[in-house]
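Subject: Structure handover

Dear colleague,

Here is the structure, with the sequence, for your files. My notes on it follow below.

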Amino acid sequence: MKSYSHPGERFVEWGGLRSLSSILPKLHVNCPLIVTGKHAMKENGVLETLLEELSEKKMKPSVYNKIQPNPTDEDIQELISFMDNSSTDSIIGLGGGSALDCSKAAALLFNNRASPIQSHLRGEGEITHSALPCVAVPTTSGTGSEVTPYVSFTEKTSNQKFTFDHPFLIPCIALLDPELTVTMPPYVTACTGFDALGHAMEAYWSINHSPFSDTHALRAARLIMLNLAGAVKEPTDYQCRLNMSIASCEAGLAIARTRTTAAHAASYPITTQFSVPHGHAVALTLAEFFEFNENSMDESRSNELADALGGSTVSDASNRVRILMDECVLQRRLQKLDIPSDAIETLVSSGFRPDRVKNNPRKVTEQDLKEIFLKIY
Ligand SMILES: [Fe+2]
């Protein structure tokens with residue numbers, strides 16, 4: 001039987017970060033640790049304002065600003081070691097997916113020490129305690145990490161991406177403030193927006209989909225097709241930014257139950273071996289996988305997804321996804337991303353993990369993936 005429940009509270013408002021100091025007292029915390037990246041939130045003054053507002057409410061906030069893109073297990077360990085030497089009783093993750101994922105992992109593993117951090121991240125340790133209160137404030141619109149039970153990290157020793165998955169990883173509060181996203185450069189807006197589109201499309205065709213995840217997925221897909229290009233071209237467009245924040249969160253709610261499928265699995269080696277940002281790497285194969293999966297989906301369902309993407313057929317909708325990439329100035333060809341043709345074998349043989357595509361409606365073999373990579377070369 002299909003069921004759906006999702007813990008946590010969600011807020012969305014332009015300028016909503018200014019309300020955080022009023023929301024936080026209900027969590028009964030005093031010493032929140034703001035986990036963020038090195039520069040952006042400091043340079044735009046957001047961090048300073050937040051610190052002032054929390055201090056005015058008699059809290060003792062502190063800051064950890066060493067988060068880098070594509071965090072490793074060692075980065076998460078370092079954050080937890082920092083917390084060990086502070087009086088942190090809660091975490092505010094402020095940033096893109098990396099800051100949010102590190103915050104979620106640290107909030108949970110700080111309270112669970114039965115096994116080494118690395119074992120827990122590999123899903124091998126037993127989680128017996130709930131997480132410290134964790135508030136997620138995304139400054140991009142893409143990962144949906146503010147509402148998912150997943151943490152993506154790269155294992156330093158193997159240079160492979162893994163996902164830590166536990167229901168206690170879902171932040172207790174997700175605060176969407178689209179105003180924080182206006183400083184994203186166009187390329188980052190495009191990449192993160194396509195990450196969210198990947199979540200929406202893959203959640204919809206995942207074998208784990210339900211009527212409840214479908215609702216989130218279709219709404220997210222529609223919003224992204226209508227608003228992403230506008231947000232890329234006009235970064236301060238209020239309506240496009242607001243709709244992209246909602247779409248990203250809706251897509252996160254969709255994959256929170258279904259997990260991702262083939263386009264994400266194919267993206268990981270492209271990111272780890274050629275440093276193509278996650279959302280761009282996902283975008284590369286989305287249209288191809290929609291066409292690949294078409295005959296393994298009920299016709300009514302493939303038509304419904306095509307319609308949400310603004311197309312009359314699967315092939316028309318796939319073309320609209322390709323056109324959106326062009327409008328967002330995202331390269332669609334592996335060759336243009338400086339990936340040599342002889343790397344395709346390696347991407348497939350050493351990077352692709354078929355266990356990551358178990359949720360795809362059609363089985364994906366190494367040969368299938370090679371053919372898809374050749375199509376987009
Ligand atoms: Fe993703």
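What distance separates the centres of domain 1 and domain 2, taken over C-alpha atoms? The two centres are 26 Å apart. This is a predicted model, in which local features need pLDDT of at least 70 and side-chain atom pairs count only at pLDDT 80 or more, while totals for chains, interfaces and linings use all residues. Residues are numbered from 1 along each chain as its sequence is written.

Domains and core

The domain assignment gives domain 1 (9-179) and domain 2 (184-375); such bounds come from an automatic or database domain assignment. The contact takes 20 residues from domain 1 and 24 residues from domain 2, where two residues are in contact if their C-beta atoms, placed from the backbone, lie within 7 Å. On the side of domain 1 that touches domain 2, the elements giving two or more residues are S1, S7 and S8. Helices (H or I, at least four residues) and strands (E, at least two) are DSSP runs, numbered from the N terminus.

The largest nonpolar core has 114 residues, and Val35, Ala200, Ala220, Ala221, Ile224 and Leu286 touch the most other members. A nonpolar core here is a set of buried Ala, Val, Leu, Ile, Met, Phe, Trp, Tyr and Cys residues joined through C-beta atoms within 7 Å. A residue is buried if 20 or more other C-beta atoms lie within 10 Å of its own, exposed if 12 or fewer, and partly exposed in between, with C-beta atoms placed from the backbone. Both domain 1 and domain 2 give residues to this core, so it lies between them. Leaving aside residues up to four places away in sequence, Ala200 touches Ala217, Ala220, Ala221, Ile224, Ala251 and Ala254.

Strand S8

Strand S8 (residues 173-176) is covered on both faces: Ile173 and Leu175 are buried on one side, Ala174 and Leu176 on the other. S8 runs parallel to strand S1 (residues 9-12), to which four bridges join it; pairing requires that DSSP finds at least two bridges between the strands. Val12 has Leu176 as its bridge partner in S8. S8 also pairs with strand S5 (residues 134-138), in the parallel sense and over two bridges.

Thr139

Thr139 sits in the loop between S5 and S6. With 28 C-beta neighbours inside 10 Å, Thr139 counts as buried. Gly95 is 44 residues away from Thr139 in sequence, yet their C-alpha atoms are 4.8 Å apart. Not counting residues up to four places away in sequence, Thr139 touches Ala40, Leu94, Gly95, Gly96, Leu180 and Thr181.

Helix H4 (residues 73-84) has twelve residues and should span 16 Å at 1.5 Å a residue; its end C-alpha atoms are 17 Å apart, which agrees. The expected span is 1.5 Å times one less than the number of residues. Asp73, Asp75, Ile76, Leu79 and Met83 are the buried residues of H4. They cover an arc of only 165° around the axis, which puts them on the same side of H4; the arc is that of the directions from the helix axis to the C-beta atoms. Exposed Ser81 and Asp84 are on the face turned away from that buried side. The buried residues of H4 pack against strand S2 (32-37), strand S3 (62-67), helix H5 (97-109), helix H6 (117-121) and strand S6 (150-155).

Helix H13 (residues 314-327) has 14 residues and reaches 20 Å from its first C-alpha to its last, close to the 20 Å expected. Its buried residues are Val314, Ala317, Ser318, Val321, Leu324 and Met325. Seen down the axis of H13, they fall within an arc of 110°, so they line one face of the helix. Asp316 and Asp326 are exposed on the other side of H13. The buried residues of H13 pack against helix H8 (211-233), helix H11 (278-293) and helix H12 (299-308). Val329, which follows H13, has a positive phi near 55°.

Positive phi in loops

His28 is not a glycine but has a positive phi of about 55°. His28 lies in the loop between helix H1 (20-23) and S2, and is exposed, with 9 other C-beta atoms within 10 Å. Asn159, also not a glycine, has a positive phi of about 55°. Asn159 belongs to the loop between S6 and strand S7 (160-165), and is exposed, with 10 other C-beta atoms within 10 Å.

Regards
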